[in-house]
Amino acid sequence: MEILEAYDTTGTAHSAAQLAGVDPKTVRRYVAARDAGMPVTGPSRRPRIIDEHLPQIEQWVERSKGKVRADIVHERLVALGFDGTERTTRRAVAGAKAAWRAGHRRTYRPWITEPGLWMQFDWGAGPKVPGPGGVLRSTLLFCAWLAWSRYRVVIPVWDQTLPTLIACLDATVRRFGGVPTYALTDNPRTVSIDHVAGIPVRHPQIVETARHYGMAVHTCVPFDPESKGGSEATVKIAKADLVPTDANLLPDYASFADLEAACEQFCATVNARRHRESARIPEEALAEERARLHTLPTAPHTLALGTTRSVGTDQTIRFGSVRYSTPPGLVGTEVWVRAAGTDLVVVADLDSLPRTPDWAGDRRGLTEIARHRLSTPGNPSIDLAHYPGHPQEPDGAPRPPRPKARSAAEARFLDLGPGAHTWLVAASAAGTVRIRAKMTAAVELAVFVGAETVDSALSRAAEAGRFAEGDLPAIVAHHTDTTAGAVVVADEEHSVQPGTAAWAGFGSTSAQASS
């Protein structure tokens with residue numbers, strides 16, 4: 001301001017420079033900037049050799065929608081007579097692209113949520129876990145959430161076919177405790193079978209399923225973060241905490257049941273934690289949102305789940321003239337079976353089952369309970385894990401009998417300890433006579449020497465195969481004899497073998513003379 005005031009007073013740059021104590025060129029620069037309507041402070045832009053080509057660069061950037069490369073622009077400028085370096089061109093192109101993006105930047109409106117209005121779901125790649133036969137198979141994570149309360153549901157599955165999707169939707173809305181108005185998802189083939197003029201064509205069976213539950217299914221707009229962001233964020237968070245990686249140091253899952261337990265634990269953790277965006281705890285917000293959810297239908301939707309089969313007393317169903325096993329607790333109930341590729345999928349409605357120890361977990365609604373490889377007639381597919389109490393080992397060998405007392409005398413004998421169990425099994429297999437009398441004698445002997453001593457002796461008798469009348473008292477007496485000396489250990493200096501000294505002179509002359 002002093003420079004400009006001195007120039008206005010004197011009218012010449014030389015005199016103003018003397019009054020302000022600066023160079024006359026500085027005075028002329030400030031005055032020229034003020035007269036041109038430009039800021040007089042800050043760095044000034046000097047003319048560049050590429051300035052005359054800037055309109056052409058801006059035209060190329062506009063025509064390519066901000067995607068043209070700087071080296072291509074430089075080649076064309078050189079053809080037009082530009083003699084500058086490629087570095088100058090790159091700076092000019094970067095500036096033109098920044099200006100173009102600023103004028104064409106897309107803006108977003110936040111997703112407006114309302115209690116009971118929107119549910120979003122999507123699929124994510126899960127970890128590999130052992131499937132039927134112990135072979136590692138890829139899994140999928142069905143991830144859903146209520147947009148207002150941020151309540152999440154993660155369900156592991158083997159595939160994302162239409163029946164699996166329907167089963168996951170049924171299990172999800174039952175965990176919600178109601179049905180929202182809209183379900184928003186991506187555009188998989190199980191939801192949108194085609195696109196005509198940009199309009200997605202709904203799968204007729206998913207439409208019928210949505211009508212059964214009283215909600216409308218909508219699909220996301222491609223490349224639209226407003227409609228895809230919520231479900232994709234849910235998938236990303238679930239995969240970060242459930243799929244073993246070097247970042248989370250999770251161990252591999254030993255079975256599909258372990259993955260289900262991990263998903264339930266993950267849902268319990270995130271739904272009990274205060275959400276950063278809504279500042280509410282999802283479980284508490286869900287209790288408020290349930291008042292706005294629609295009533296659940298009493299029966300789940302069974303379209304496309306397959307055909308029904310009854311579970312027989314041997315825990316098997318028949319499909320294609322082949323028997324397939326099912327888990328315990330389903331005898332007499334109806335299940336749905338379908339062929340999915342090379343597998344046979346068995347689905348049951350757990351809500352129709354009583355709360356038995358076999359089905360007392362959190363899984364309810366339509367749930368996949370078994371999966372087998374499709375077999376041929378005459379080759380039943382039996383999963384030995386479905387028969388935990390069968391009297392046959394998985395390798396086909398008979399399972400060792402397990403003693404179970406049926407009288408007070410038997411109970412007193414078995415209470416001596418595990419040695420008594422082992423002795424009874426071994427003695428029975430050896431055809432020992434008068435077993436009950438020997439069991440009574442063992443109980444009476446335990447009164448005098450102690451149950452631990454008799455149990456140890458019974459174990460040693462079973463190992464040695466000694467089941468005669470006096471064997472057990474002899475073993476007990478040997479182990480309880482306190483007057484016995486130190487145990488003699490055989491070595492090279494002592495032996496019970498007769499000596500050979502009498503044969504020392506055999507064949508010698510003196511021996512023959514004496515004879």
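Reader: What share of the 515 residues of the protein count as buried?
Author: In this predicted model, 37% of them count as buried. Buried means under 20% relative accessible area, exposed means over 50%, and partly exposed is in between, with a 1.4 Å probe and protein chains only.

Reader: What does pLDDT average over the protein?
Author: The average is 84, and 88% of the residues score at least 70. pLDDT is the predictor's confidence in each residue, from 0 to 100.

Reader: And where is confidence lowest and highest?
Author: Helix α17 (residues 509–514) is lowest, at a mean of 55, and helix α11 (residues 282–289) is highest, at 94. Helices are DSSP runs of H or I with at least four residues, strands are runs of E with at least two, and both are numbered from the N terminus.

Reader: How many helices and strands?
Author: The protein has 17 helices and 13 strands.

Reader: Take V179. Where is it found?
Author: V179 sits in the loop between α7 (162–176) and β4 (182–185).

Reader: Why does V179 count as buried?
Author: Because its relative accessibility is 0%.

Reader: Which residues does V179 touch?
Author: Leaving out residues up to four places away in sequence, V179 touches V173, Y213, M215, L293, H294, T295, L296 and P297. Contact here means heavy atoms within 4.5 Å.

Reader: Switching to T89. Buried or exposed?
Author: T89 is buried, at a relative accessible area of 0%. T89 belongs to helix α6 (residues 86–104), and the residues touching T89 include I50, A70 and F82.

Reader: What does the side chain of R137 make a polar contact with?
Author: With the side chain of D343, at 2.9 Å. A polar contact is a pair of N or O atoms within 3.5 Å; within protein, one must be able to donate a hydrogen and the other to accept it, and residues adjacent in sequence count only if both atoms are side-chain atoms. R137 itself is in strand β2 (residues 136–146) and counts as buried, at 17% relative accessibility.

Technical notes: Residues are numbered from 1 along each chain as its sequence is written. This is a predicted model: local features need pLDDT of at least 70, side-chain atom pairs count only at pLDDT 80 or more; totals for chains, interfaces and linings use all residues. Side-chain values use heavy atoms; hydrogens and water are left out.
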